[in-house]
Each structure stands twice: as C-alpha cells, then as structure tokens.
Amino acid sequence: MVLLDLIKLSEKQKVIADVLYTPDYTQNIINYNQLVFLTVEKSLIRNTYFNRPEKREFFEYVKSQELSEIYFENIFQSLELTNELECKMMRESGFYMIERTKESSITDVQKLIEKHFGLI
C-alpha cells in the first residue's frame, strides 16, 4: 500500500521516501532514475544502529535484560549478515547505491542523491 501511495503521489510531484524494499521487489516497478538504495558500511552498524530515536526504546529494553550482552551480540550479528546480503543484492541490481562510510557526511550523501535525481 505504501508503494502504491508513493507511485500515486509521484505522478504530480517529486517524492522522496525512506522505505525498505529489496531490489528484486522494486526493479519491475521503479525505474533507475527514481530510486537510490542507501546503506551503511558494515563496520558502522554496531556504533550507529541504536543512535536513532525510533530504536531507543528497544535499546533500553535489551540493555535492561540479564543477558543483554549476548542479546546485543546476536542483534548485531544478524544486522551485519542482513546488511551484507542486502548490499550484494543492491550491487547486483544495477540500481544506484550509496554506502555511507566513516568519512561520509550528511551533506556528501545529500549531494550524491540530488545529483542522481538531477536536482543539482
């Protein structure tokens, strides 16, 4: 439903949405110039994943558990594996992909996105 709403909105205006879809799902319905895959370098996951407001409550819950260190390790290993698999799919899809690294700034990523969409 979200994708249908985005397609409908994009008929009359430019729409930028932060959603998670895999390349195999999107490649048949979205053209190359309408999509950018954003990801993060695997080494940054442990230091950045819980630094988002929507993850704070989950972080606090896990932290309060007796086996929190084990839980966190399982979470991070799962995230790293998922990231690795998703990055592979993104690269193989042919769609434009930006992987944030330690050296990336928000401004750098924004400029790459704007350039891809022909906004600058």
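Trainee: Why is Ser-68 called buried?
Mentor: The relative accessible area of Ser-68 is 14%, and buried means under 20%, exposed over 50% and partly exposed in between, with a 1.4 Å probe and protein chains only, so Ser-68 counts as buried. Ser-68 has its place in helix H5, and, not counting residues up to four places away in sequence, Ser-68 touches Val-62 and Lys-63, where contact means heavy atoms within 4.5 Å.

Trainee: What kind of model is this, and how are its residues numbered?
Mentor: This is a predicted model, in which local features need pLDDT of at least 70 and side-chain atom pairs count only at pLDDT 80 or more, while totals for chains, interfaces and linings use all residues. Residues are numbered from 1 along each chain as its sequence is written, and side-chain values use heavy atoms, with hydrogens and water left out.

Trainee: What is the mean pLDDT of the protein, and which elements have the lowest and the highest mean values?
Mentor: On the scale of pLDDT, the predictor's confidence in each residue from 0 to 100, the protein has a mean of 87, and 96% of its residues reach 70 or more.

Trainee: Why are H4 and H5 called oblique to each other?
Mentor: Helix H4 (residues 56–63) and helix H5 (residues 68–93) pack at an angle of about 135 degrees, with their axes 8 Å apart. Angles under 35 degrees count as roughly parallel, over 145 as roughly antiparallel, 65 to 115 as roughly perpendicular and the rest as oblique, and H4 and H5 are therefore oblique.

Trainee: Which residues of H4 and H5 meet?
Mentor: Phe-58, Phe-59, Val-62 and Lys-63 in H4 meet Ser-68, Tyr-71, Phe-72 and Ile-75 in H5.

Trainee: What makes the pair of Tyr-49 and Phe-50 edge-to-face?
Mentor: The whole structure holds 8 aromatic pairs. In one of them, Tyr-49 and Phe-50 lie 5.0 Å apart, centre to centre, with 85 degrees between the planes; rings of Phe, Tyr and Trp (its six-membered ring) pair if their centres lie within 6.5 Å, and planes under 30 degrees apart count as stacked, over 60 as edge-to-face and the rest as tilted. Tyr-49 counts as buried at 18% relative accessibility, and Phe-50 is buried at 6%.

Trainee: Why is the pair of Phe-50 and Phe-59 called tilted?
Mentor: Phe-50 and Phe-59 are 5.3 Å apart, centre to centre, and the angle between their planes is 50 degrees, so by the cut-offs for planes the pair is tilted. Tyr-49, Phe-50, Phe-58, Phe-59, Phe-72 and Phe-76 form one aromatic cluster.

Trainee: How do you know whether Leu-38 is buried, exposed or partly exposed?
Mentor: Leu-38, found in strand E1 (residues 36–40), has 49% relative accessibility and so counts as partly exposed. Leaving aside neighbours within four places in sequence, Leu-38 is in contact with Ile-98, Val-109 and Ile-113.

Notes. Axes fitted to C-alpha atoms, helices over the stretch in contact; angles between N-to-C directions. Helix = DSSP H or I, 4+ residues; strand = E, 2+ residues; numbered from the N terminus.
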